[in-house]
Amino acid sequence: MIGLSASMVSTVLLIGSGLFILLVASAGDWLFLSSEPFEAGFLDRLNDVFFAKPNVENGLTGLFPAIVGTLSLVMVMTLFVAPLGVATAIYLSEYARDTWYTKLIRISITNLAGVPAIIYGIFGLGFFVYGLGGQVDALFYADRLPSPTFGTPGLLWAALTLALVNLPVVIVAVTEGLDAVPNDLREASIALGATKSETVFKAVMPAALPSVFSGLILATARAAGEVSPLLLVGAVKFSPSLPLSSRAPFIEFEQKFMHLGFQLFDAVLFARLPPGGLGWVACIALILVLLIGVLNVTAVSLRAAVLKRQTVENPF
Amino acid sequence: MFEPVNETEVRPHAGEGASMAAVSVRHLSLGYRDNPKALKDISFDIPERAVTAIIGASGCGKSTLLRCMNRMNDLIEGVQYSGEVILDGSNILSPGTNVTALRRRVGMVFQRPNPFPKTVFENVAYGLKLSGVASARAQEEQVEQALRAAALWDEVKDRLDDSALKLSQGQQQRLVIARALALEPQVLLLDEPASSLDPTSTFRIEELIYELKQSHTIIIVTHNMQQAARVSDCTAFMHGGQLVEFGQTETIFTFPSKRETEDYITGRYG
Amino acid sequence: MANWRHFKSVSLGLLIRAASFTVIFALLGMVVQMMVVAAPIFAASTLERIDSPEGVRGALVSRAESQDADLTQSTYWVSKDGWQLQGSPGNPWLWVHDQTAVPLNVRELPSDFSIAQMVGHQRGLAVLVGNTLEHFHFSQSTSINNVPAVERVKTVLVGSDIVALAGHPRLAVVAFATSSSEIQVVDFRNPNASLRIQVDVEIDTIVWVSPSLIRALTPSGDALLFVFRATDIGGDWRRLLSPIEYEGYPSEEYLWLPLPSAQRAEPKYSVVPLIFGTLKAALLALLFSAPLSLGCAIYVGCFMSEAQRQRVRPAIDMLTAFPTVVLGAIGLFWLAPRFGEFLSALIGVIALFPILAILGVFVVRGLGWRWVRHDALDDWPLRLLPLVLLVIAVGAAAGLSGAARLPGGSLEAYLLSSGVSISHFNSLLVGIVLGLAITPTIFSIAEEAIHAVPRNLAAGALALGSTPWQGYRDVVLPLALPGMIAAIMVGFGRAAGETMILVMLSGNTGIMDLSIFEGLRSVSASLALELPEAPKTSSHYQVLFVMGLLLFGLTFIVNTVAEIIRARVRMRVRGL
């Protein structure tokens, strides 16, 4: 039986690496070996993958706008998630009294982390896009109505929705980090005459910082790979311009944007792929997997560093 | 090296090579990844039907030495043995040893009582079932015998079907001893069996050890100097992975031949 | 100085409270907002008199236009396929074919009626017999010799004499005026809730101007206007869950057709097929994922050293680096096109894996290679990697060659010959890929549960001469079992809510078929595909929100129960 369960571990490792090899092989085969659909060398091919002009017939576009779109989405989302998530975690762990309703809120938030993202998506559509967006349009962009400015899916609403998806994850991670900080530290700080906020921000937070970062990075990794809410609140197959601008605040919040995951979904389901399209799909998938993989590895190694430090600090 | 003096009778089936010794340790060294020299060249003979205490400061390797006797060290990653531990004339450290069978011959009791979350009866019968005692009748007989031997029978005979976790700590520890005794082991290893118990329970365990040594070879690791002095016939003093001194308990405690032993016993360190 | 510090502390505290209350209210308010959006679907229908038709869409029609469908004077009704239905009070109803002119008696229809009117998009029949209003519709599939059959759907008792009756152009709804000057609307979808308004004048004609506007005329030619408002489920929530006898369908059915192909047809909102699809996909996913992930959890939780565990856990978690959209794409491009071969290979692997793996380990150990030892459990998964690869290859080859020997030469052909066809998008494919997606979740939680059991319990069993497996099986696993069940529950919740894989691989066909070779449509996929298209005040939109709430409730409850189980296990284990 030990052999069987050990083989299962091996199997899972094999499946993971097998999938990865499959993607690498398909992408590499197309990039290096095949002559379809471009009669060009590897560098030209690579150039095409990233910077090709959108092809109306098969809907394939260079990946660069999608990469930019994904990164801006993740960035804007982090802008919302980081302060709000950390503040909520600090409140729950440091400020709130330990009553039944605090416990209830904590359990609810833990369970919200397991609620599927599509649910947040429909809330985002109903509340942000139709509700808030409609209001903003009526107040500030009345001259452009009835064509909506903010009352339609866009970058801001997508980022806010993804922020909601990831808030519970971040709150749980940071709360766990804060709870793991030994109480002695707080008592020592207060005994030295520090105020509550000085204790929290100068004594407790530095100790919990790695778990804050690992939680945030995990959230960004999740956001980069989560496509289902975007079907409702934002991403499009092709956007004529990047959601960036030369003027402050440099990001156009109301703009629709392209997203790697959505691009993949769309290519797979709706686009008519040319010969060699499989390789193109593998390329998008590979970029996405690498992006998320790098984020995951960073988070994991941060957490490992924390664990190591903690075991050194208290051997028992 | 000090030869153990023990004039109690020799078991008829004991291996010839070991003469009066129940277990002979020969040039035993042990290392693992984090501590390549956990035990260094240890040799001594453990007398039969007597209590041998292993004492020493924390981290001196006394528990590791104890765990060599039933190869519980195998669970540590990357463990490396050299030397021999001879039980019944065969080296139990040799790769061909049937480890599970060995552990049935060498019982072990841990620091903290660790009864299984099952009933009292099932706890004691667990080892019996593993070694193929299937008939309910035989199991009941042997469970009762073991519980009596562990001086627990009168306290638990009406609660055999209760969860073992409901027993007191002291009772749990005696239950764990009964669990080991049910397999009728030749050697019983006690790893600080009383360290987590209150004085009354400790006293009862010590009484039990005294009774058990009439029929079993007992090796006990302990932190507690007085306990070692009270219960043991022979004492081994370890320091830094080495066996510093081994001899009859009175001798060790009254006329230690090594400086470290004296310092430890008189409480100068440890 | 001290004051400034105090002020800073207080204001920071306030800031944190403000931010966290925002978040907590946003998260909890989410549920409330979704309920608010969804609630109108359950609203009862209303009938209201208005003065002018402003704001009510639909043009007014003249009195002359409205009378072409009146059956009181033995007129006819045209059905599909060139059949006409003719009837007049006192005479039997007849089917008459356009070309052959063969009259056929329709016995199911009452001949002692006083008024008959067409109703609904499929031209059902509302027939008034005495005080009873009967609703018939026509079903094609039960027809004999292609003659449409007639079936009675519902009977409603109406109180007083009816002077005028009009059938709704799209829905199974009739409006009528009584001799006591009452305007009533009967909704056959929800016949218990009748709507009535008393007017002071005599009414002799009643017309549906638009699906929501009724026009009643007095003998002198004055017009009264009434607005009828109803959700697409007619105020009866049971229509979401019970089988419904829809117009044009031979029997009661669960149907999800929010945008029916016939333009004027009634949208059909049974959520049952979608919930069925969701559960089917999730259960199939568990079927694949549970053995794999629990097997891994048992190994890592029981037999690995802490250091190795810290390395292997993230390695398995790396599966989460494959976002579900990528898994879906892989399923679609690499598995679906050669699903038959993949399935044969998979069956071979699953059948042979346990035997070969156990045998392989025995052989390797029996050869005396000190390669996999019980005292070096840490490295087994890595050392066994080539062996497992071999086992999988052998299993796959065996499966493929087995399939080739089946009559027909392949698994698909064989299944087809025995009456089972594999659709391109099928539940099994969804289950396999979805199972892969939830494996890291189940593994992680189950492994934590197992690892939380103190190791000295297992050591106690080992010291009694148990093998490592016996020790963990008898002592640790029973304690960790509730935690493992909780892990499976959380995995189930994740599978039920997963969207991308379902959208891409399930085929999105809302059929309720237990066959694992048929497609399915899940709640999550419906939300993702339909919500962007649904107008934001439509019943469709509201029903989708109801489903969102159902899915939310399901996952939230499953997670809460799992969390409670885990907390209890932690408490119990702490006492050991």
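Domain bounds, as used here, come from an automatic or database domain assignment. The model is predicted.

**Exercise 1.** State which domains chain C is divided into, and describe the contact between them.

Solution.
1. Chain C has a domain 1 spanning 47–253 and a domain 2 made of 272–336 + 425–574.
2. Residues count as being in contact if their C-beta atoms, placed from the backbone, lie within 7 Å.
3. On that criterion, five residues of domain 1 of chain C meet four residues of domain 2 of chain C.
4. On the domain 1 side, three of these residues are nonpolar, one is polar and one is charged.

**Exercise 2.** Work out how many residues chain A and chain C put into their contact, and which helix gives the most to the chain A side.

Solution.
1. Chain A supplies 70 residues and chain C supplies 83 residues.
2. On the chain A side, the most comes from helix α1 (residues 2–33) of chain A, with 17 residues.
3. Sorted by class, the chain A side holds 50 nonpolar, 18 polar and two charged residues.

**Exercise 3.** Turn to chain B: find how many residues take part in its contact with chain C, and which elements of chain C give two or more residues.

Solution.
1. The contact draws 18 residues from chain C and 24 residues from chain B.
2. Two or more residues on the chain C side come from each of α11 (455–463) and α12 (468–497) of chain C.
3. α11(C) gives the most to this side, with six residues.
4. The chain C side that touches chain B comprises eight nonpolar, seven polar and three charged residues.

Technical notes. Residues are numbered from 1 along each chain as its sequence is written. Chains are lettered from A and ligands numbered from 1 in the order in which they are written. This is a predicted model: local features need pLDDT of at least 70, side-chain atom pairs count only at pLDDT 80 or more; totals for chains, interfaces and linings use all residues. Ala, Val, Leu, Ile, Met, Phe, Trp, Tyr, Cys and Pro count as nonpolar, Asp, Glu, Lys and Arg as charged, and the others, Gly among them, as polar. Helices (H or I, at least four residues) and strands (E, at least two) are DSSP runs, numbered from the N terminus.
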